[in-house]
2 protein chains.
Amino acid sequence: MKAKALILDALFHPESVAIIGASSQETHDGDGWVARLLSFGFKGAIYPINPKAKDVLGIKAYPSLLAVPKPVDYAILNVPAQSTPEVIQECSEKRVKLAHVYGAGFSETGEEGAALQEELVRQAKEGGVRLLGPNALGLYCPAVGLTFDRNLPKSAGDIAFASQSGSCAMRVVRQGALRGLRFSKVVSYGNAADLNEKDFAEYLAQDKESQILAFYLEGVRDEGGFIEEIEKAVRDKPVAILEGGITPGGRRAAIAHTAGGFSPMWSELRQIPGLVIVQSLEELVDCLVAFRFLKKPFGNRVVILGRGAGLGVKVADALEEAGFIVPRLGASAREQLRRIASGAGAMVENPAEPPGPLPVWATFYDSTLPILDDAIEVDLVLMSLTLDIHAGQGMDTQGHLSEVAAVLMDRVPRMKKPVAVILDLGDNIETIRGAWELREVLVELKVPIFSSADAVARGLSHAFRRFVQRGQNA
Amino acid sequence: MKAKALILDALFHPESVAIIGASSQETHDGDGWVARLLSFGFKGAIYPINPKAKDVLGIKAYPSLLAVPKPVDYAILNVPAQSTPEVIQECSEKRVKLAHVYGAGFSETGEEGAALQEELVRQAKEGGVRLLGPNALGLYCPAVGLTFDRNLPKSAGDIAFASQSGSCAMRVVRQGALRGLRFSKVVSYGNAADLNEKDFAEYLAQDKESQILAFYLEGVRDEGGFIEEIEKAVRDKPVAILEGGITPGGRRAAIAHTAGGFSPMWSELRQIPGLVIVQSLEELVDCLVAFRFLKKPFGNRVVILGRGAGLGVKVADALEEAGFIVPRLGASAREQLRRIASGAGAMVENPAEPPGPLPVWATFYDSTLPILDDAIEVDLVLMSLTLDIHAGQGMDTQGHLSEVAAVLMDRVPRMKKPVAVILDLGDNIETIRGAWELREVLVELKVPIFSSADAVARGLSHAFRRFVQRGQNA
């Protein structure tokens, strides 16, 4: 392994962590740095550094980094910006390999901050310490017990996300979690004064724990070779990039946020074949869900099953606009559907519609899924479950959805064709609560879940484009 | 008033309603036709027609329409498709002005159904009965106590929606209600065998109760003069149209749904100046929210206030892509913000960021709103409240948001500049519940609410385009 890969391996797998500026006010159910490591079961040594505390949450505290009797791999600097160069010198003396500078107040604030950051980088380089940040939320690596937010899933997956923004990192993990995404390594790297997007691209491309890569960038350094690393990465793994700061106003915001916005190379990125560029956080999650869970279909013909025929028209429009076909069903499938769903207002075309509201859905899906799985005229089955139009009608939403969940548990694993779902809850507490079990079942079945017609169309089309580009290797 | 306007006025304001095929199984808390009228306080006479029932929910039932001793303005036909021509003959004998044919099974099902529909129309025409439908959910006019869904708001507003689809109608009203939209008249008109989009456009354009018009169309009859009516309507009122069936697959779905999909005139619609064409139900609601609640700003420069600086970058990008400017703040505003929000990681540029999570938001918004209201470099204040990244961190979400709500109650009514809000809850039950009061306060303050960067950008840009087109008359 190359030196750089080694240092990043150490970053993501430290055996000991010092928290410089650990708060003596931390509580076990709070979101302090020590509580986070404890709640995530970090297996290595934890060294809280606080000159005024004897311990933090029962873990022995040290007055300074140099007072720690054993080696420290990774130091989290939770100290004011002005103190960081000095603390980095201590890190160097202690032979800490990597320091994560959490705080802000550096190049993103203007000239003075930029000078401080230069000083910090100079000290780190001289002292042989690699830097994450400054102005970075840091790491979420559930497998080793590192996290920047203790409310994220403790289980690991195979998606890696390098994000210049901490709030984007948290949001993508949280939103993805509800739809079954789990992450191998997430790094929020802020100002990227030392380790930067190119290092993460290079490392994650060869990381066996990471099979799908995502980036949120507020700028790409043209001298850094990021483009080349992404070109390499995308050959083996699906890669999606959310671009931040593509407009003058967005770029000003990026400069103020992470001193990003430099040498935008968006147009070069757009020329990389197979790379997915997205423009919103929601689209990034949709894309990752499709990459992760969509089984490769035989072709691009979609059958839509769901109550609400007018809604189905717009689902069909959105899919066809995105390059899919919503074909007419063959005579045999139509005839079979007609026998099942002959109620007033039920459509037995494509989209096909359950013959009534929630209470009849379980039976409808139980009968129709095998028929459409066998129909040669469609390649992918999309269940469109729009729930809020049924809320408050005196129905047992949770009970009926539980029946639907049971049907899917039985049917979906036996299906030959890929299945995707629109689960549209519409900010309605009753339906969100009522659909909780159904959502968990869909996650367990590894079915890709989307929240709207637009979301499913863009998510599936990103995954599909990769299938097409890779031919039989996808 | 012209004859056609008179008939539509009668449709939306009947003095007596007969429900032919009223179920004797109806319950007071159910969603049957009689229960709906009762729960909405319909003031006119209700005549349930059911040969086997003495009464429905305590209201005297009649064995047939002809047995009703008084005049009937409006008949809802809740009977099988095959029986409708015969029942229409009875309507004619009874001199019912308008009949709403709820059931499906007509031209949308193929040749046989089309023949039945022709027979129905012929009988109606001969008998002097105007038809709504068939295959139509019917009317929601809360002011007179008519509704197709008893869970919709009972209060009326000034938005009219003519929707070929019932599920779209329900969904737009429900989703809009959460964001403060209230409706004057909503009609789901299905197959449009008689009364059609042109009639509704003509009527709603001159309807004093309706100030904003929306349509969901699955086709436009070119012989009908709809284009001309919309051209007229858009001169006086904002008009948004959701197009259904713009792709071959969507059109097939529209044909199966309402026998729509005929002579698509989408390209002619696109040439009407000032008309807003939208492509998703979500976008339609975003557009209506902006039309209804966005105060006219002096210009297009937006300041963004919100926690999550990376999220702010994408809000800035989305706004600038949509034609807005997210300018740098002037020195005075920057200096004032710096005094308020000097915490680590808080941005005092545009976007400006609270110096910490939820607990400090109330103070932040209380101090910054007046500063930005006075800043000459911005025209519109956008609060970007992304809540799910704070969920589960041991904070009193509801309590802190309640403080924010109190600040807004105090500040917003005194502001000179328009305010808009992104309230992004991310399918998280805790934040949705915690934000309930805040949302109600925003609704009360008539602040336009959106759920994402993309949503606010597209919503505001639709409203803004109308401001620009109308100059000082908007």
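The legends below describe close-up views of a predicted model. Residues are numbered from 1 along each chain as its sequence is written, and chains are lettered from A in the order in which they are written. Local features need pLDDT of at least 70, side-chain atom pairs count only at pLDDT 80 or more, and side-chain values use heavy atoms, without hydrogens and water.

**View 1. Relation of chains A and B.** A rotation of 180° with 0.0 Å of shift along its axis superposes chain A on chain B with an RMSD of 0.0 Å (least squares on C-alpha atoms of residues with pLDDT of at least 70 in both). The two copies are thus related as by a two-fold rotation axis.

View 2. B:Ser165 lies in the loop between β9 (159-163) and α5 (166-178) of chain B (DSSP runs numbered from the N terminus: helices, H or I, at least four residues; strands, E, at least two). With 0% relative accessibility, B:Ser165 is buried (buried, under 20% relative accessible area; exposed, over 50%; partly exposed, in between; 1.4 Å probe, protein chains only). Beyond its neighbours within four places in sequence, B:Ser165 is in contact with residues including A:Gly310, A:Leu311 and B:His257 (contact, heavy atoms within 4.5 Å).

**View 3. A salt bridge between chains.** A:Arg252 and B:Glu320 form a salt bridge at 3.9 Å, N to O (side-chain nitrogen of Lys or Arg within 4 Å of a carboxyl oxygen of Asp or Glu). This pair links helix α8 (residues 248-258) of chain A to helix α11 (residues 309-321) of chain B. A:Arg252 is partly exposed at 32%, whereas B:Glu320 is buried at 14%.
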